[in-house]
Amino acid sequence: MGAMRRPYPDRAAAGRVLADELGSVGGSVLVLGLARGGVPVAAPVADLLDAELDVLIVRKLGLPGQPELAMGAIAGVGDELHVVRNESIAAEVDAETLEAVRRQEVRELRRREQAYRGDRPPIDVRDRVVILIDDGLATGATMRAAVEAVRRHRPARVIVAVPVGGIESCRRLSRVADQVVCAWIPQYFTAVGQAYRDFSSVSDDEVRQVLADNTARRPGG
């Protein structure tokens, strides 16, 4: 694909392409969309694989004044939180500032868990093939936090799948995941949004609706 081309009309279309790239996946499969943007991408993958879909909440620890620049990320599986630091960027702030950002993002992570999960039990990844999906990889910090958080709960395999990503981020993730699928690696990667014609924000209500639709389609849903 050309470097300036936007191959995906929206996240759902990207998910359908990603499902084709993944092909068949054996075992007890659990598809986890990273909230919020990864959830509408993950839904078509779960549908094609006839797999359970759930949400994994990961929060970037943004550099004050440059929130898109990740000092690290935090992910939660059940009550346990896992933090990954991007040391080269985190070194630009003092410990007190970093801790203030961490506390703020933990509060938002817990809020979203309640909003999306309600009374449903925590994610159970043990002995399952877990496919972690986001709408793209920039620094890869949030996805790395997701992989490492899931690993602590002894899954059978961890697969990272994204519609677009920078080549170095995709390579770095291959060191911690069992398999990495990057459907499109632009020659000149600038931002995840370059891959989409519609890259509008995903709301809490949209996340809840996608999860409800998947549950309704599943046996016993």
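Which feature does UniProt place at residues 26-169?

1. According to the UniProt record, an unreviewed entry, residues 26-169 carry the feature "domain: Phosphoribosyltransferase"; positions from UniProt are given in the numbering used here, feature names are shortened, and annotations may be inferred rather than shown by experiment. Over residues 26-169 the chain is 37% helix and 35% strand, with 26 Å between the end C-alpha atoms; helices (H or I, at least four residues) and strands (E, at least two) are DSSP runs, numbered from the N terminus.

2. Please keep in mind that this is a predicted model, in which local features need pLDDT of at least 70 and side-chain atom pairs count only at pLDDT 80 or more, while totals for chains, interfaces and linings use all residues. Residues are numbered from 1 along each chain as its sequence is written, and side-chain values use heavy atoms, with hydrogens and water left out.

3. The largest pocket has a volume of about 940 Å³, where a pocket is an open set of points on a 1 Å grid over the protein atoms alone, at which a 1.4 Å probe fits, with protein on both sides within 12 Å along at least five of seven lines. The volume is the space filled by probe spheres set on the points, which are joined across faces, edges and corners.

4. This largest pocket is lined by 34 residues, and K60, E68, D134, D135 and T142 lie nearest its centre; a lining residue has an atom within 4 Å of a point. β2 gives the most to the lining, with 5 residues.

5. Strand β2 also deserves attention for its neighbours. 10 of the 12 residues of β2 are buried, meaning that they have under 20% relative accessible area (1.4 Å probe, protein chains only). β2 pairs with β1 in the parallel sense over 6 bridges and with β3 in the antiparallel sense over 6 bridges, two strands being paired if DSSP finds at least two bridges between them. L30 has E52 in β2 as its bridge partner, while L63 stands opposite Q66 in β3. The hairpin of β2 and β3 has 2 residues between the strands, and in this hairpin G65 takes a positive phi near 90 degrees.

6. Finally, a disulfide (a pair of cysteine sulfur atoms within 2.5 Å) joins C170 to C182, with an S to S distance of 2.0 Å. The pair links distant parts of the chain, with C170 in helix α6 and C182 in strand β7, 12 residues apart. The disulfide is left-handed because the torsion about the S-S bond of C170 and C182 is about -90 degrees, and both cysteines, C170 and C182, are buried.

Terms used
Buried means under 20% relative accessible area, exposed over 50%, partly exposed in between (1.4 Å probe, protein chains only).
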